[in-house]
Amino acid sequence: MKFSRRSAVEPFHAMDVLAEATRRRSAGHPVISMAVGQPVHPAPQAVLAAARTALEHGRIGYTDALGLQALRQAIADDYRTRHGVSVDPGRIAVTTGSSAGFNLAFLVLFDPGDRVAIARPGYPAYRNILAALGIETVEIEVSAENGFTLTPESLEKAQSESGKKLDGVLLASPANPTGTVTGRDNLKALADYCTANGIAFISDEIYHGLTFVGQETTALELTDQAVVINSFSKYYCMTGWRIGWMVLPEELVRPIERVAQSLYISAPELSQIAAAAAFGATEELDRYRDAYRRNRDMLARRLPELGLSIASPMDGAFYAYADVSRFTNDSMAFARKMLAEINVAATPGFDFDPIEGHRTMRFSYAGSYDDMVEAMDRIGAWLE
Ligand SMILES: Cc1ncc(COP(=O)(O)O)c(C=O)c1O
């Protein structure tokens, strides 16, 4: 059978590790998974209660492609509460997780052959979705030298070196896997640079609510030209509900709506009803965030003691990106062996960085403290 060229897209290795971990767990192995950024906690009580009520009393159907009005209003209200910014609910599109938001943004903003810059190391699905759509990914190395984030200077350099203009820039803050929290001034400089140069700026804010060092800024505070993408998956502990949102510049609302109508019809109504209750659960969710902070502090201490130095800031999100070059030059083999021999799953750095990632691993610390401690004990004994 003939397959399209786009079907040869790189696997999302973290998901492959998750699948292998699930297989081993089903076969009775005591697996601890630090592979995927998935909170161990259930969705907030209010979310579960809203979903139960909806199931008992309602018909779950399609909604408008842009989402339920009540949820769009609740999202807008939360921007006012958290950031003091006023957002017209009409600029909000509810999506099937932020993953659908990326699809929609890329489809509406870019044509095949266009060029979009992302950070390296960075979230692998950006590169994979862009590749599947025939859009060129321009990976820009981030390191201690540039504060592990993109800057106008690094964008300028990437363009002058290639002699080709960028069409888009996508930045996550807090970032996966580096944990970088991009400061307000830097974010503003990036947004301004993009506006001045006719480059679309996409701000992935999915790890908002999970900042441990520094201050969280939404691009909405700085510009009305950015495409902001967010999700209920991380801080709100709703990965499996597949629900997220975009905040769009006015003129993009209708094009996004048109593409979303045919691609998705709508995000799941049950998840939309439930998600509207999530904004009232701050106390519960902040307790979970404090638990991640405890995991983070423990890993920041234990990983270097084991010879795995921390390779980036860990200021936000819930990942430790560690240098494993003392033990291996092949992070894929290291991940496979670690899972097979001690039942600890983590993600090879290759997923995030095709050039340097052979010597790094990403450990998600969204799990329970006891599991994290047990994982460190196993890794310590194994490496000895
Ligand atoms: C930076 C980043 N963006 C987006 C996503 C996708 O999340 P979802 O589709 O569940 O909203 C993830 C998931 O790990 C991520 O790390």
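## Strand pairing around S7

Two strands count as paired if DSSP finds at least two bridges between them. The model described here is predicted. In it, S7 and S8 pair in the antiparallel sense, over four bridges. Valine 228 has valine 247 in S8 as its bridge partner. S7 is also joined to strand S6 (residues 200-204), by three bridges. S6 and S7 run parallel. Here aspartate 204 is bridged to isoleucine 229 of S7.

Strand S7 covers residues 227-231. Five of its five residues are buried, so the strand is largely enclosed by the rest of the structure. Side chains in a regular strand alternate between the two faces of the sheet. Val227, Ile229 and Ser231 point one way from S7. Val228 and Asn230 point the other way. Residues on both sides of S7 are buried.

## Helix H7

Helix H7 spans residues 184-196, 13 residues in total. From first C-alpha to last it reaches 18 Å, close to the 18 Å expected at 1.5 Å a residue. Its buried residues are Asn186, Leu187, Leu190, Ala191 and Cys194. Viewed down the axis of H7, they fall within an arc of 135°, so they line one face of the helix. An α-helix has 3.6 residues a turn, so residues three or four places apart point the same way.

The cover over the buried residues of H7 includes helix H6 (152-162), strand S5 (168-172) and S6. Asp185 and Ala196 are exposed on the other side of H7. Just after the helix comes glycine 198, with a positive phi of about 65°.

## Helix H3

Helix H3 runs over residues 69-83. At 1.5 Å a residue, its 15 residues should span 21 Å, and its end C-alpha atoms are 21 Å apart, which agrees. Leu71, Arg72, Ile75 and Tyr79 are buried in H3. Seen down the axis of H3, these buried residues fall within an arc of 105°, so they line one face.

The face of H3 turned away from its buried side carries exposed Ala70, Arg80 and Thr81. Glycine 84 follows H3, and its phi is positive, near 70°.

## The ligand shell

The ligand is surrounded by 13 residues. The closest are Gly97, Ser98, Ser99, Ser231 and Ser233. Ser231 is also one of the buried residues of S7. Helix H4 (residues 97-109) gives the most to the shell, with three residues.

By type, the shell divides into three nonpolar, nine polar and one charged residue.

## Glycine 37

Glycine 37 sits in the loop between strand S1 (32-33) and helix H2 (45-57). Glycine 37 has 23 C-beta neighbours inside 10 Å, so it counts as buried.

Leaving aside residues up to four places away in sequence, glycine 37 touches Asn176, Lys234, Phe318, Tyr319, Ser364 and Ala366. Glycine 37 and arginine 302 are 265 residues apart in sequence. In space, their C-alpha atoms are 20 Å apart.

How values were computed:
Residues numbered from 1 in each chain as written. Predicted model: local features only at pLDDT ≥ 70, side-chain atom pairs only at ≥ 80, totals over all residues. Helix = DSSP H or I, 4+ residues; strand = E, 2+ residues; numbered from the N terminus. Expected span 1.5 Å × (residues − 1). Buried ≥ 20, exposed ≤ 12 C-beta atoms within 10 Å, placed from the backbone. Arc of directions from axis to C-beta. Near = placed C-beta within 6 Å. Nonpolar A, V, L, I, M, F, W, Y, C, P; charged D, E, K, R; others polar. Contact = placed C-beta atoms within 7 Å.
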